[in-house]
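Hi,

Here is the structure I promised to pass on.

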Amino acid sequence: MSPKPLPEVVVRPATAADAPACGQICYDAFSTINQAHGFPCDFPSPEVAAGLLSRMFSNPGFYCVVAETGGRIAGSNCLDERSIVAGIGPITVDPSVQNRRIGRILMHAVMDRARQRGAPGIRLVQAAFHNRSLSLYEGLGFDVREPLSCMQGRTRQRDVSGCTVRPAQAADLEACNALSLQVHGFHRGGELAQSIQQGTAIVVERDGRITGYATALAFFGHATAETNPDLQAMIASVDSFGGPGILVPSRNNALFRWCLANGLRVVQPMTLMSGGLYSEPAGAWLPSILF
């Protein structure tokens with residue numbers, strides 16, 4: 001028996017007042033699919049999800065939308081516009097109305113926005129066990145770029161010889177942006193500047209110069225470095241990683257094995273996907289859950 005047709009789906013800009021309803025949907029959506037596959041939810045509670053979405057909905061660096069049907073919110077999606085390449089997520093749909101094209105509508109809304117703004121590329125990270133989302137993104141033109149392993153724990157090795165890790169300062173921004181340009185072909189200075197202000201960003205120095213940085217060692221943080229040892233020094237400098245963990249590119253076998261040998265555990269497999277411009281990184285790196 002076919003499901004009852006939904007009332008018209010309307011997409012509109014998200015506001016901070018939408019965060020509680022969207023946070024509940026976000027938690028319900030992730031907990032349902034993750035539990036079905038034996039993985040922990042990405043968010044510990046609806047309140048944590050609502051807090052995150054409230055910050056994103058209020059941040060001028062993000063374009064966020066909600067979908068409404070029948071007079072109630074059915075899902076939301078966000079576009080990180082803080083760099084020339086845009087990142088998508090989190091996208092979530094109320095489990096009671098999933099598989100009714102709402103996710104596709106929400107994706108088209110942010111993809112259209114990225115095209116209108118002239119973004120040369122868009123990216124996202126999806127749970128590798130989520131067959132429906134993988135199929136949706138492939139159908140929308142996204143390419144699989146990198147298998148990722150979300151990892152959590154505390155490394156046994158607490159430092160790396162020759163590398164010094166310290167909090168990032170505003171004066172480090174130019175060197176960090178140059179490093180990102182070298183590794184990725186574009187910089188994420190807007191995101192990094194916010195992280196420096198918030199006190200979560202770190203840099204690693206080797207031979208008297210900055211050789212790596214991280215906006216945060218966390219699910220929503222990214223890191224870029226010249227070499228694996230630079231990245232390892234930053235990973236070893238913290239006691240745990242924010243959220244579910246850091247996203248380690250699984251094809252970086254040396255880094256992945258180092259993490260495993262140091263006691264980090266794999267929480268879940270994920271996949272980095274891109275549309276438009278993409279260049280293979282020329283260094284060591286960790287994406288955030290947005291890209």
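The largest cavity is lined by 14 residues, and those that lie nearest its centre are Arg123, His184, Arg188, Trp285 and Phe291. A cavity here is a set of points, on a 1 Å grid over the protein atoms alone, where a 1.4 Å probe fits but cannot get out, and a lining residue has an atom within 4 Å of a point. Do bear in mind that this is a predicted model, in which local features need pLDDT of at least 70 and side-chain atom pairs count only at pLDDT 80 or more, while totals for chains, interfaces and linings use all residues. Residues are numbered from 1 along each chain as its sequence is written, and side-chain values use heavy atoms, with hydrogens and water left out.

Back to that cavity: its volume is about 100 Å³, taken as the space filled by probe spheres set on the points, which are joined across faces, edges and corners. Strands S11 (223-225) and S14 (284-286) each supply at least two residues of its lining; strands are DSSP runs of E with at least two residues, helices runs of H or I with at least four, numbered from the N terminus. By class, the lining has 9 nonpolar, 3 polar and 2 charged residues (nonpolar: Ala, Val, Leu, Ile, Met, Phe, Trp, Tyr, Cys and Pro; charged: Asp, Glu, Lys and Arg; polar: the others, Gly among them).

How many cavities of 30 Å³ or more does the structure hold? There are 2.

On to the cysteines. The count of disulfides (cysteine sulfur pairs within 2.5 Å) is 0. Cys150 is in none, as the nearest cysteine sulfur, that of Cys259, is 11 Å away, which is too far for a bond. Cys150 is buried at 0% relative accessibility, and Cys259 is buried at 0% as well (buried means under 20% relative accessible area with a 1.4 Å probe, protein chains only).

Lastly, helix H1 (residues 19-36) has 18 residues that should span 26 Å, and its end C-alpha atoms are 25 Å apart, which agrees; the expected span is 1.5 Å times one less than the number of residues. Its buried residues include Cys22, Ile25, Phe30 and Ile33. The buried residues of H1 pack against helix H2 (46-58) and strands S2 (62-69), S3 (72-80), S5 (92-93) and S13 (265-276), with contact meaning heavy atoms within 4.5 Å. Just after H1, Gly38 takes a positive phi of about 80°.

Best wishes

Definitions and conventions: Buried means under 20% relative accessible area, exposed over 50%, partly exposed in between (1.4 Å probe, protein chains only). On a 1 Å grid over the protein atoms alone, a cavity is a set of points where a 1.4 Å probe fits but cannot get out, and a pocket is an open set with protein on both sides within 12 Å along at least five of seven lines; lining residues have an atom within 4 Å of a point.
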